[in-house]
Amino acid sequence: IGDIEQLPSVGAGKLLNDIISSNVVPVVKLNVIKRQMETSGIVFNANRIINGETMTSNGNQKDFYIIEENNERKIVSKIIKSIERLSGKNYPFSLDDIQVICPQKLTFIGTHELNNHIQLMFNPPDSDKREISKGKIKFRIGDRVIHLNNNYDARHYKSSENGNYVLLESTGVFNGEIGKIIDIFKSNDNDEEDNGGARIAVQYDGFIIIYKKYELKNIDLAYALTVHKMQGSQCKVAIIPIHMRNKIMLYRNLAYTAITRASDMVCVIGQSMSISYMAKNNIIKERNSMLSHLLETM
């Protein structure tokens, strides 16, 4: 039901860790690797991080690379070049397979800035490509987006042969689901909140959600996501910027969670000192709790 080496719960305490350490309930530890090969550099470095050791890359690892760079702007440039290379003809990946995973939303190498840079490079404005704005963010057909909250009542659609959208019986879209914008169009529905009848259709896994313009607060660009948003998800390729500018978030369990999202390849881009600092910094895991003791005395 969980991995105590990953990020702890958002709320107080350390529930899973305390239940395990109490020895009150039976515990089964899954130690057969399914996401990566046992000889993978991802697995090798995940274990190093757990032990407080710095990530490494060498010629024998074909799925784990570290590119050292101190300058933030050059880190952005190398992220773009890495995406271009990995989605090119020499690798078996598409743009949809590659996920940039960041410690924070803010700073020059945070998700806000990186989403803008990646969108501009790989889905730029085009006179034939419809777009719609949410504040400073522009959504275009073809953009990767993430849903930001749980909506159990959101209606599901599917596209029909004549280009219309057919309502399905199922409902619901949840925090962290990633999809792609497939259409932006005008609706004839009379809805005063809708500001001109704008609609945006997003294809998720097995269903389409149609958002009204005032509902765009529920989605965001997803070329770059925080580690917290990616926890529980996976991707084929993870590109991870690490820099002391994000020092407040550079914790061991954040590094472990980030690199284990990838099944095929990890590319870490950043300062060697910040990579080393992140592996050694385990302070966030120290949470004071009496739950384990209380369970033992029940």
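**Note on a helix pair and a pocket**

1. The axes of helix 3 (residues 72–86) and helix 4 (residues 111–122) come within 11 Å and cross at roughly 40°. Helix 3 is therefore oblique to helix 4. Axes are lines fitted to C-alpha atoms over the stretch in contact, with angles from 0 to 180 degrees between N-to-C directions; angles under 35 degrees count as roughly parallel, over 145 as roughly antiparallel, 65 to 115 as roughly perpendicular and the rest as oblique.

2. The model is predicted: local features need pLDDT of at least 70, side-chain atom pairs count only at pLDDT 80 or more, and totals for chains, interfaces and linings use all residues. Residues are numbered from 1 along each chain as its sequence is written, and side-chain values use heavy atoms, without hydrogens and water.

3. Which residues make the contact between the helices? Helix 3 contributes Val-76, Ile-79, Ile-80, Ile-83 and Glu-84, and helix 4 contributes Leu-114, His-117, Ile-118, Met-121 and Phe-122 (contact means heavy atoms within 4.5 Å). By class, this contact has 8 nonpolar, 1 polar and 1 charged residues. Ala, Val, Leu, Ile, Met, Phe, Trp, Tyr, Cys and Pro count as nonpolar, Asp, Glu, Lys and Arg as charged, and the others, Gly among them, as polar.

4. Among the residues lining the second largest pocket, the closest to its centre are Arg-155, Tyr-157, Ile-210, Lys-212 and Glu-215. A pocket is an open set of points on a 1 Å grid over the protein atoms alone, where a 1.4 Å probe fits, with protein on both sides within 12 Å along at least five of seven lines; lining residues have an atom within 4 Å of a point.

5. Strand 6 gives the most to this lining, with 5 residues. Helices (H or I, at least four residues) and strands (E, at least two) are DSSP runs, numbered from the N terminus. The lining has 7 nonpolar, 4 polar and 6 charged residues.
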